[in-house]
Amino acid sequence: MCSLEKRGNIYILTITGDNDHRLNPTLLDSITAALHRIQSETTSAPSALITTAHGRFFSNGYDLAWGQSDPDRNILMSKKLRLLIETLISFPMPTIAAVTGHASAGGFILAQAHDYVMMRKDRGYLYMSEMDIKLVVPDWFVKLLKCKIGNPSVLRDVVLRADRVTADVAVTKGIIYSAHNSAEETVKAAVGLGEELVMRNWDGHVYACNRKVLFADVLPALDFDETVEDVVKANVVSSRL
């Protein structure tokens, strides 16, 4: 489901395959395990993480088809994504998302949980699809987006207009760090940025602590997802009436 490569002090985590990389438990566990492996290998030497993907999609969000048959499956996906996001926020090195395809809903959130988002120009968009598919956006999604998108009008259009934002527009609106001509150029630029950040020789523990300060409103919100857990509670109450 994902591969891990080390180039010097740069770790490249790649979501593999040509599908739309839906965030089901299998993929989420694979990504989280790769992050834990990096943490177990990391020494005091400064490092950086790049997350990218093969194919047309960075990630198309939750595996809604898998979760449709049982509400508990949606809770499981939500818990595993929240654990992954918490791991990224606490990660002891700079993180870069090299978005080489579409990033929708939870996939958009996964990308934005990185310190830097770099994106290809020739294919792909960022898309919070919830309005179009009649789903409520979780509170923790919005809190994370508020940390990354400073302009309230841009945030409104991302969440309430479900704008499909291409790379050049995303740079202009301050949603991503940079845009590049192809998937290869995006990853190459991410490696270059990673090497530049490694050269700063920052302490990984201090870096993670400072990131957690930036995400202080997000971390407590990761404890609960009302969009799936309140639904299950309501169903339990209804079944008892």
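Guide: Before we start, one term: two residues are in contact when they have heavy atoms within 4.5 Å of each other.

Visitor: Okay. What kind of model is this?

Guide: This is a predicted model, where local features need pLDDT of at least 70, side-chain atom pairs count only at pLDDT 80 or more, and totals for chains, interfaces and linings use all residues. Residues are numbered from 1 along each chain as its sequence is written, and side-chain values use heavy atoms, with hydrogens and water left out.

Visitor: How many helices and strands does the chain have?

Guide: Eleven helices and ten strands. These are DSSP runs, numbered from the N terminus: helices are H or I with at least four residues, strands are E with at least two.

Visitor: And what are the spans along the principal axes?

Guide: The C-alpha trace spans about 60 × 35 × 35 Å.

Visitor: How much of the chain is buried?

Guide: Buried residues make up 51% of the 241. Buried means under 20% relative accessible area, exposed means over 50%, and partly exposed is in between, using a 1.4 Å probe and protein chains only.

Visitor: Back to contacts: what share comes from residues 24 or more positions apart?

Guide: 75% of the contacts with a separation of 6 or more.

Visitor: Which residues does Leu 145 touch?

Guide: Leaving out residues up to four places away in sequence, Leu 145 touches Phe 108, Ile 109, Gln 112, Met 128, Leu 155 and Val 159. Ile 109 is 36 residues from Leu 145 in sequence, with the two 7.5 Å apart in space, C-alpha to C-alpha.

Visitor: New topic: sheets. What is the strand order in the open sheet of four?

Guide: The order is S4-S6-S8-S9, and the pairing is mixed. Strands S4 (57-59) and S9 (164-165) are the edges, each pairing on one side only. Two strands count as paired if DSSP finds at least two bridges between them.

Visitor: Do S6 and S8 run parallel or antiparallel?

Guide: Parallel, with two bridges joining S6 (residues 102-104) to S8 (residues 126-127). Ala 103 has Leu 126 in S8 as its bridge partner.

Visitor: What about S1 and S2, parallel or antiparallel?

Guide: Strand S1 (residues 2-7) and strand S2 (residues 10-15) are antiparallel, over six bridges. They form a hairpin with two residues between them, and Gly 8 in the turn has a positive phi of about 65°. Lys 6, in S1, stands opposite Tyr 11 in S2. Lys 6 is partly exposed, at 45% relative accessible area.

Visitor: Which residues other than glycine have a positive phi?

Guide: Among them are His 21, with a phi of about 50°, and Lys 134, with a phi near 60°.

Visitor: Where do they sit, and are they buried or exposed?

Guide: His 21 is in the loop between S2 and helix H1 (25-41), and counts as buried at 2% relative accessibility. Lys 134 lies in the loop between S8 and H5, and is exposed at 76%.
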